[in-house]
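Hi everyone, thanks for coming. Let me put today's structure on the screen, and then we'll walk through it together.

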Amino acid sequence: MTTMSTPASGARMGSGTALPRAGRGGSATGAAPLKNNNYQLLQVVLFWAGAILLPLGLVVIVLGWYGAANTPYQYDQLSYLVSGGLLGLGLTFVGGFLYFGAWLARIADDGRESSKRLADTLLVLADVTSRSAAVNDQGVDTSALPVTAGEGTTIHRRDCALIAHRQDLHPVGEAEAQGRAAQLTTCRVCKP
């Protein structure tokens, strides 16, 4: 005789793990993802309000037509026309506008997400291009080349904070460094 163990509540056969629940980490379904996302919450509320009001308006129109069609008196038909026809048209139009609003909210949320992704991509691209601009074709880091500012007597790195604003930077060549070696001192900040 064989016995089968029954799985725990909320577990799949043989998996032994509980199903994810809303509000706990790692779940992308349920009400928890809408907690801090007002735009998505607005889109969901507009969608469901439109989903309820638009068909309700059509049902009210049909009920108004049925009531007006089955009464022989004209004053009763007028009340069915007002309560059924006009109220039904109003509910249908409001429901349609709410659907349209839900669609616009979704487009706005998608645009916001794509602009965030674009901004992140541009930041990464700017970082990559700035790093590649600091290295020349031979693989030499151009920001580490020694320079002097104007007719100065101190050798700096090109990226030294003390001379970052200066436009009159001159590279220090081997011959110039040897010829004025006694006159040039190294910067204490960038230490070239």
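Let's begin with R112, which is partly exposed at a relative accessible area of 26%. On that scale, buried means under 20% relative accessible area, exposed means over 50%, and partly exposed lies in between, using a 1.4 Å probe and protein chains only. Before going on, a word on what you're looking at: this is a predicted model, where local features need pLDDT of at least 70 and side-chain atom pairs count only at pLDDT 80 or more, while totals for chains, interfaces and linings use all residues. Residues are numbered from 1 along each chain as its sequence is written, and side-chain values use heavy atoms, with hydrogens and water left out.

Back to R112. Which residue does R112 form a salt bridge with? The partner is D109, with the closest N and O atoms 3.6 Å apart. A salt bridge here is a side-chain nitrogen of Lys or Arg within 4 Å of a carboxyl oxygen of Asp or Glu. A search of the whole structure finds one such bridge. D109 counts as buried, at 16% relative accessibility. Both residues lie in helix 2, three residues apart, about one turn of the helix. Helices are DSSP runs of H or I with at least four residues, numbered from the N terminus.

Now the rings. How many aromatic pairs does the structure hold? There are four. Rings of Phe, Tyr and Trp (its six-membered ring) pair if their centres lie within 6.5 Å; planes under 30 degrees apart count as stacked, over 60 as edge-to-face, and the rest as tilted. F47 is partly exposed, at 33% relative accessibility. Another pair, F100 and W103, is tilted, with 5.7 Å between centres and 35 degrees between planes. Those two are three residues apart in helix 2 (residues 74-133), so about one helical turn separates them. Ring pairs also link F47, W48 and Y99 into a cluster.

Over to helix 1, residues 38-69. Its 32 residues reach 46 Å from first C-alpha to last, close to the 46 Å expected at 1.5 Å a residue; that expected span is 1.5 Å times one less than the number of residues. Buried residues in helix 1 include Q43, L46, G50 and G57.

Last stop: L86, in helix 2, which is exposed at 55% relative accessibility.
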